[in-house]
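Visitor: I have a new structure to look at. Could you walk me through how to read it?

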Amino acid sequence: MQIGEVAERTGLSLRTIRYYEEVGLVVPSARSQGGFRLYTEPDVDRLQLIKRMKPLGFQLEEMRDLLAILDPVPGSPDLAVPAARLAEFSRTAEQACADLRAKLRVAEEFAALLRAHLDQAPGRRSSAPVRSR
């Protein structure tokens with residue numbers, strides 16, 4: 001499939017997919033006669049894996065190492081102790097998830113506070129526009 005379809009399926013922008021190619025995280029499986037990038041299902045799966053790493057704060061080098069463990073391709077780096085490195089990545093991901101859950105709790109509390117203030121506002125009309133100063 002071409003890059004446009006891959007972008008649509010993964011929710012990544014064309015620019016992001018090209019960047020991941022440029023830094024060597026994912027390489028199209030082939031090129032069409034016209035030079036268009038062609039991707040396979042495993043390429044899409046690899047992009048989905050990369051997409052899952054991003055919100056957890058993994059840096060490019062960490063992504064490269066993690067992909068070498070989870071989805072090795074020719075040219076992937078050889079890691080001395082892959083199981084130990086995978087355990088480290090797992091701890092990092094768990095901590096990032098805990099941090100994100102804490103941020104979400106704060107955001108939800110704040111949204112609830114705003115709703116409560118809105119519900120108590122005198123003369124509140126649900127269709128009233130919000131004015132900025």
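**Reading the packing**

Guide: Start with one residue and its partners. Leaving aside neighbours within four places in sequence, Arg46 is in contact with Leu25, Val26, Leu67, Asp71 and Val73. Keep in mind that this is a predicted model.

Visitor: Where is Arg46 found?

Guide: Arg46 is found in helix H3.

Visitor: Is Arg46 buried or exposed?

Guide: Look at the relative accessibility. Buried means under 20%. Arg46 has 8%, so Arg46 counts as buried.

Visitor: Next, the core. Which residues have the most contacts inside the largest nonpolar core?

Guide: They are Ile17, Tyr20, Leu25, Leu47, Ile50 and Phe58. This core has 21 residues. Helices H1 (3–10), H2 (14–22), H3 (41–53), H4 (60–70) and H5 (82–120) each supply at least two residues of this core.

Visitor: Which residues is Phe58 in contact with?

Guide: Set aside its neighbours within four places in sequence. Phe58 is then in contact with Met53, Met63, Leu66, Phe89, Thr92 and Ala93.

Visitor: Which residues are buried in H4?

Guide: In H4, the buried residues are Met63, Asp65, Leu66, Leu67, Ala68 and Ile69. The buried residues of H4 pack against H3 and H5.

Visitor: How do I describe two packed helices?

Guide: Take H1 and H2. Their axes come within 9 Å and cross at roughly 105°. That makes H1 roughly perpendicular to H2.

Visitor: Which residues make the contact of H1 and H2?

Guide: H1 brings Ile3, Gly4, Val6, Ala7 and Thr10. H2 brings Leu14, Ile17 and Arg18. By class, the contact of H1 with H2 has five nonpolar, two polar and one charged residues.

Visitor: Now H1 and H3. At what angle do their axes cross?

Guide: The axes of H1 and H3 cross at roughly 45° and come within 10 Å. H1 and H3 are therefore oblique to each other. Their crossing is right-handed.

Visitor: Which residues make the contact of H1 and H3?

Guide: From H1 come Val6, Arg9 and Thr10. From H3 come Glu41, Val44, Leu47, Gln48 and Lys51. By class, the contact of H1 with H3 has three nonpolar, two polar and three charged residues.

Visitor: Which residues does Pro28 touch?

Guide: Do not count residues up to four places away in sequence. Pro28 touches Glu21, Arg37, Leu38, Tyr39 and Asp43.

Visitor: How many residues apart in sequence are Pro28 and Phe110?

Guide: They are 82 residues apart in sequence. In space, Pro28 and Phe110 are 44 Å apart, C-alpha to C-alpha.

Visitor: Leu38 was on that list. Where does Leu38 lie?

Guide: Leu38 lies in strand E2 (residues 37–38). Leu38 is partly exposed, with a relative accessible area of 26%.

Visitor: What separates Leu38 from Val6?

Guide: Their C-alpha atoms are separated by 9.2 Å. Along the chain, Leu38 and Val6 are 32 residues apart. Leaving aside neighbours within four places in sequence, Leu38 has contacts including Met1, Gln2, Pro28, Ala30 and Asp43.

Definitions and conventions: Residues numbered from 1 in each chain as written. Predicted model: local features only at pLDDT ≥ 70, side-chain atom pairs only at ≥ 80, totals over all residues. Heavy atoms only, no water. Core = buried A, V, L, I, M, F, W, Y, C linked by side-chain atoms within 4.5 Å. Buried < 20%, exposed > 50% of the residue type's maximum accessible area, 1.4 Å probe, protein only. Helix = DSSP H or I, 4+ residues; strand = E, 2+ residues; numbered from the N terminus. Contact = heavy atoms within 4.5 Å. Axes fitted to C-alpha atoms, helices over the stretch in contact; angles between N-to-C directions. Parallel < 35°, antiparallel > 145°, perpendicular 65-115°, else oblique. Left-handed = near helix turned anticlockwise from the far one by under 90°. Nonpolar A, V, L, I, M, F, W, Y, C, P; charged D, E, K, R; others polar.
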